[in-house]
Amino acid sequence: MSTLPVYRWRLAPEGYATRRQLRAQGLRPGGQEVAAQLERPRRRRGPLVAYLYRVDLAVPVRPMTPARRAALKRANAARRTCPSCRRDAGYVIPAALGTCVPCAYPDPHGSEGSAQ
């Protein structure tokens with residue numbers, strides 16, 4: 001097992017990019033291994049680490065198909081639907097609550113569920 005080259009923050013050589021930088025160029029790693037890493041020192045904690053990929057080995061992002069678009073729409077709708085009252089909350093349900101805010105914190109004066 002070989003060790004990765006480590007560069008200081010903002011000092012990586014040309015030809016390397018993070019996942020976000022690749023995505024901004026319309027690329028993805030495409031199965032390649034991490035080629036290097038960046039480290040940004042911090043006080044009293046370990047350094048922040050960012051993994052770098054070679055740009056010349058990156059491949060284009062797969063296009064969004066109608067089926068993928070529909071699946072993404074269903075997944076986002078599921079994240080907005082309250083499991084208790086089965087209504088669209090109008091926002092992504094917080095994982096910490098598990099339900100919409102009106103179901104998690106019912107009004108002690110009698111109104112039920114979300115007001116839609």
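**Arginine 68 and its setting**

Modeller: Please keep in mind that the model is a predicted one. Arginine 68 sits in helix H2, a helix that covers residues 66-80. When residues up to four places away in sequence are set aside, arginine 68 touches Arg62 and Pro63. Arginine 68 and tyrosine 51 are 17 residues apart along the chain, and their C-alpha atoms are separated by 28 Å.

Glycine 46 belongs to strand S5, which comprises residues 45-54. With a relative accessible area of 41%, glycine 46 is partly exposed. Glycine 31 is 15 residues from glycine 46 in sequence, while the C-alpha atoms of the two lie 28 Å apart.

Let us turn to the loops. Arginine 44 is located in the loop between strand S4 (36-42) and strand S5. Its backbone deserves attention: arginine 44 has a positive phi of about 65 degrees, although it is not a glycine. Arginine 44 is classed as exposed because its relative accessible area is 85%, and the class begins over 50%. Arginine 86 also has a positive phi, of about 60 degrees, and it is not a glycine either. The loop that holds arginine 86 runs between helix H2 and helix H3. Arginine 86 is exposed, with a relative accessible area of 61%.

The structure contains 2 salt bridges. One of them joins arginine 54 to aspartate 56, with a nitrogen-to-oxygen distance of 2.7 Å. This pair qualifies because the nitrogen and the carboxyl oxygen need to be within 4 Å of each other. Arginine 54 is partly exposed at 33% relative accessibility, whereas aspartate 56, at 54%, is exposed. In the other salt bridge, arginine 80 is paired with aspartate 88, and the closest N and O atoms are 3.2 Å apart. Both partners are partly exposed: arginine 80 has a relative accessibility of 29%, and aspartate 88 has one of 36%.

The largest nonpolar core consists of 5 residues, namely Ala17, Leu22, Leu27, Tyr53 and Ala58. Not counting residues up to four places away in sequence, leucine 27 touches Leu22, Val55, Ala58, Val59, Pro60 and Val61.

The cysteines call for careful reasoning. A disulfide is a covalent bond between the sulfur atoms of two cysteines. A search of the whole structure finds 0 disulfides. For cysteine 85, the nearest cysteine sulfur belongs to cysteine 82 and is 3.7 Å away, so cysteine 85 is in no disulfide, as the two sulfur atoms would have to be within 2.5 Å. Cysteine 100 is likewise in no disulfide, and the nearest cysteine sulfur, that of cysteine 103, lies 3.4 Å away. Cysteine 100 counts as buried because its relative accessibility is 1%, and buried residues are those under 20%.

Helix H3 and the segment after it complete the account. Helix H3 covers residues 101-104, and alanine 104 is found in that helix. Alanine 104 counts as partly exposed, having 27% relative accessibility. If neighbours within four places in sequence are left aside, alanine 104 is in contact with Leu97 and Thr99. Alanine 104 and arginine 28 are 76 residues apart in sequence, and their C-alpha atoms are 40 Å apart in space. Tyrosine 105 lies in the segment after helix H3. Its relative accessible area of 59% makes tyrosine 105 exposed. Together with Tyr91 and Val101, Tyr105 forms a nonpolar patch on the surface, and the three share about 300 Å² of accessible area.

Notes
Residues are numbered from 1 along each chain as its sequence is written. This is a predicted model: local features need pLDDT of at least 70, side-chain atom pairs count only at pLDDT 80 or more; totals for chains, interfaces and linings use all residues. Side-chain values use heavy atoms; hydrogens and water are left out. Patches are made of residues with over 30% relative accessible area and no salt bridge: like charges are joined within 9 Å, nonpolar side chains (Val, Leu, Ile, Met, Phe, Trp, Tyr) within 5 Å. Accessible areas come from the Shrake-Rupley method with a 1.4 Å probe; for residues, only the protein chains shown count as cover. A salt bridge is a side-chain nitrogen of Lys or Arg within 4 Å of a carboxyl oxygen of Asp or Glu. Helices (H or I, at least four residues) and strands (E, at least two) are DSSP runs, numbered from the N terminus. Buried means under 20% relative accessible area, exposed over 50%, partly exposed in between (1.4 Å probe, protein chains only). A nonpolar core is a set of buried Ala, Val, Leu, Ile, Met, Phe, Trp, Tyr and Cys residues joined through side-chain atoms within 4.5 Å. Contact means heavy atoms within 4.5 Å.
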